[in-house]
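Dear colleague,

I am passing on the structure we spoke about, with the notes that I made while going through it. Please read them with the coordinates open beside you.

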Amino acid sequence: MSDLPSLPVTFRPARTRVVLLTAGVVIFVVISTVALLLEQLSPGEKLSFVVTGALLFGVLLWLSRPKVVADESGVTVVNFASARRLEWAEILKVNLRTGDPWVFLNLSDGTSLPALGIQPGINKQRALADANTLRALVEARSIADPDASGGPGGRS
């Protein structure tokens, strides 16, 4: 399996992240500059502009948070408000169907977990390549190394 990346590997929507973080910095700088240049504003009003810019930057930073990290022992899925650690054996299938906003992981407990760190929004080809890589990693780890966790229910 030489075509698989060495672990750990992080998947995240890089272009989306760049757009969000760049927009956040620009918004913060513009709002802060306008606040400082408007002489008729009181210091409290200027501060409220700067705080508003910082809050908007914070929201865009929060929106750039999603990622999927694969390492030797499993996968960590970081979405907007949560992070979940999965062992390789818990992931049954990696899905990215036409029209899906992001990858979905079918799990051994019968649920499906969205993995927002791989999304085709701005860069569809990168998302498809990342989904295929994660799928290959899941297949290699669950088939080629079934006893890596010490057997059923065990941990490495």
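Arginine 141 has a relative accessibility of 21% and therefore counts as partly exposed, where buried stands for under 20% relative accessible area, exposed for over 50%, and partly exposed for what lies in between, with a 1.4 Å probe and protein chains only. Its salt-bridge partner is glutamate 72, and the closest N and O atoms of the two are 2.9 Å apart; a salt bridge here is a side-chain nitrogen of Lys or Arg within 4 Å of a carboxyl oxygen of Asp or Glu. This pair links distant parts of the chain, since arginine 141 belongs to helix H3 (residues 124–143) while glutamate 72 sits in the loop between E2 and strand E3 (74–78), 69 residues apart. Glutamate 72 counts as exposed because its relative accessibility is 52%.

Before going further, please keep in mind that this is a predicted model, in which local features need pLDDT of at least 70 and side-chain atom pairs count only at pLDDT 80 or more, while totals for chains, interfaces and linings use all residues. Residues are numbered from 1 along each chain as its sequence is written, and side-chain values use heavy atoms, with hydrogens and water left out.

As to the overall layout, the secondary structure of the protein comes to three helices and seven strands, taken as DSSP runs numbered from the N terminus (helices H or I, at least four residues; strands E, at least two). Read from the N terminus, the elements follow the order β-α-α-β-β-β-β-β-β-α. The protein has 156 residues, of which 33% count as buried, and it exposes about 9,200 Å², with carbon and sulfur atoms supplying 62% of that area; accessible areas come from the Shrake-Rupley method with a 1.4 Å probe, and for residues only the protein chains shown count as cover. Among contacts (heavy atoms within 4.5 Å) between residues at least 6 apart in sequence, 49% join residues at least 24 apart.

Returning to the charged side chains, a search of the whole structure finds five salt bridges. One of them brings together the side chains of arginine 85 and aspartate 71, at 2.7 Å from N to O. Here, too, distant parts of the chain are linked, with arginine 85 in strand E4 (residues 83–87) and aspartate 71 in strand E2 (residues 67–71), 14 residues apart. Arginine 85 is partly exposed because its relative accessibility is 37%, and aspartate 71, at 21%, is likewise classed as partly exposed.

Arginine 84 forms a salt bridge with aspartate 109, the closest N and O atoms being 3.8 Å apart. Since arginine 84 lies in strand E4 and aspartate 109 in the loop between strand E6 (103–107) and strand E7 (112–115), the pair ties together parts that are 25 residues apart in sequence. Arginine 84 has a relative accessibility of 32% and counts as partly exposed, as does aspartate 109, with a relative accessible area of 49%.

Turning to the strands, E3 and E4 form a hairpin with four residues between them. These two strands run antiparallel and are joined by five bridges, where pairing requires that DSSP finds at least two bridges between two strands. Within this pairing, threonine 76 stands opposite arginine 85 in E4.

There is also an open sheet of three strands, in the order E5-E6-E7 and with antiparallel pairing. Strand E5 (91–95) and E7 stand at the edges with a single partner strand each, so one side of each is left without a neighbour in the sheet. Four bridges join E6 to E7, and leucine 105 stands opposite leucine 113 in E7.

What forms the nonpolar patch on the surface? Val26, Val30, Val34 and Phe49 make it up, with about 300 Å² of accessible area together; such patches take residues with over 30% relative accessible area and no salt bridge, joining like charges within 9 Å and nonpolar side chains (Val, Leu, Ile, Met, Phe, Trp, Tyr) within 5 Å. Helix H1 (residues 14–37) gives the largest share, three residues. Valine 34 lies in helix H1 and, at 36% relative accessibility, counts as partly exposed.

Lastly, is aspartate 130 buried or exposed? This residue of helix H3 is buried, with a relative accessible area of 7%. Leaving aside residues up to four places away in sequence, aspartate 130 touches Phe11 and Ile118.

With best regards
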